[in-house]
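Here's a quick tour for anyone meeting this structure for the first time. Take a look, then read on.

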Number of protein chains: 2
Amino acid sequence: MDDTLNELLRRLVRSRAVAALGTLDAGEPFVSMVPYILHGASAQFLIHVSGLSAHTRQMLAHPRVSLMVTAAEGTVAEDGSAIQPQALPRVTAQGDATRLNSSSDQYAAAKSAYLERFPSAQQMFELPDFSLFTISPRSARFIAGFGKAHNLSAQAWARILETA
Amino acid sequence: MDDTLNELLRRLVRSRAVAALGTLDAGEPFVSMVPYILHGASAQFLIHVSGLSAHTRQMLAHPRVSLMVTAAEGTVAEDGSAIQPQALPRVTAQGDATRLNSSSDQYAAAKSAYLERFPSAQQMFELPDFSLFTISPRSARFIAGFGKAHNLSAQAWARILETA
């Protein structure tokens with residue numbers, strides 16, 4: 001991808017707050033919503049989820065997940081017109097979900113970064129059943145517009161989106 | 001659910017243009033974006049997709065899919081404050097995907113309804129590889145806010161959301 005596309009991808013993933021998470025529910029696809037941040041040198045997704053929720057059980061049982069970030073409906077193109085829904089930029093990452101050990105240094109750094117982005121989540125960190133998971137992209141598919149699809153390796157993802 | 005919740009669900013699903021579609025990619029979850037409308041007395045989702053795309057192949061191979069509609073980020077609550085990302089209303093339907101036969105009466109009615117909502121899709125109906133699919137909810141899970149989850153049967157879904 002060229003610099004313009006890289007910048008479009010960065011803007012997309014950094015500007016949004018929630019993603020669609022695809023997990024496996026007894027062999028069937030299941031989609032749920034998760035707030036996320038990008039974290040660390042390899043630009044992993046970091047999510048904070050309840051142990052009572054279906055997606056958390058599903059990630060633990062089957063850590064290979066899919067995660068999509070979509071531009072806001074009504075996003076305006078460079079010519080000032082609203083982008084048609086079917087042309088909205090979006091990116092889907094296929095990744096591996098890993099629960100962070102809450103007594104690790106990695107957890108403390110991740111929690112701090114997460115709360116910087118979502119201060120209102122503080123109260124949820126005080127609930128016993130919530131966990132932080134990283135989702136590490138193995139590959140991603142970026143659709144920059146109608147018919148403009150690009151495949152990215154984990155290495156390309158990290159290079160374009162690294163946060164550290 | 002009470003009338004207030006039913007109305008919140010109707011507003012959510014009718015106000016949005018795109019959904020997150022979860023399909024099965026060789027046994028793994030895969031999430032993609034689809035514009036949608038609700039159509040007919042049982043309030044099926046109706047989507048228009050390219051035969052060249054991964055999700056279309058995946059729906060044909062494994063018709064049991066998941067589809068999520070999420071309120072816009074920054075949606076304002078009744079008290080005038082922006083809803084926190086983790087509390088955004090969203091609904092996930094588990095449903096069955098069926099490709100419509102393009103020479104059927106059902107297709108003509110569906111195409112007409114789709115184009116009424118998305119006039120700019122006209123050009124895509126002229127491409128040979130696009131198809132209309134219905135996704136018929138078997139069940140749905142509506143999360144109206146933080147900790148406010150409700151399960152709906154197909155019958156409840158149709159009763160609340162019927163469009164005809």
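Chain A and chain B bury about 3,100 Å² between them, and carbon and sulfur atoms give 64% of that. (Buried area is the accessible area, with a 1.4 Å probe, that two parts lose on being put together, summed over both.) A:Pro29, A:Met33 and A:Glu73 supply 21% of what chain A buries against chain B, more than any other three residues.

This is a predicted model, where local features need pLDDT of at least 70 and side-chain atom pairs count only at pLDDT 80 or more, while totals for chains, interfaces and linings use all residues. Residues are numbered from 1 along each chain as its sequence is written, chains are lettered from A in the order in which they are written, and side-chain values use heavy atoms, leaving out hydrogens and water.

Here's the interface in numbers:

| Item | Value |
|---|---|
| Residues of chain A in contact with chain B | 37 residues |
| Residues of chain B in contact with chain A | 37 residues |
| Salt bridges between chain A and chain B | four salt bridges |

Contact means heavy atoms within 4.5 Å. A salt bridge puts a side-chain nitrogen of Lys or Arg within 4 Å of a carboxyl oxygen of Asp or Glu. B:Glu73 makes one with A:Arg16, with the closest N and O atoms 3.7 Å apart.

Now for some helix packing. Helix α1 (residues 3-15) of chain A packs against helix α5 (residues 154-161) of chain A at an angle of about 80°, with axes 10 Å apart. That makes α1(A) roughly perpendicular to α5(A) (the word covers 65 to 115 degrees). Among the residues that meet there are A:Leu9 and A:Val13 from α1(A), and A:Trp157 and A:Ile160 from α5(A).

Methods: Axes fitted to C-alpha atoms, helices over the stretch in contact; angles between N-to-C directions. Helix = DSSP H or I, 4+ residues; strand = E, 2+ residues; numbered from the N terminus. Parallel < 35°, antiparallel > 145°, perpendicular 65-115°, else oblique.
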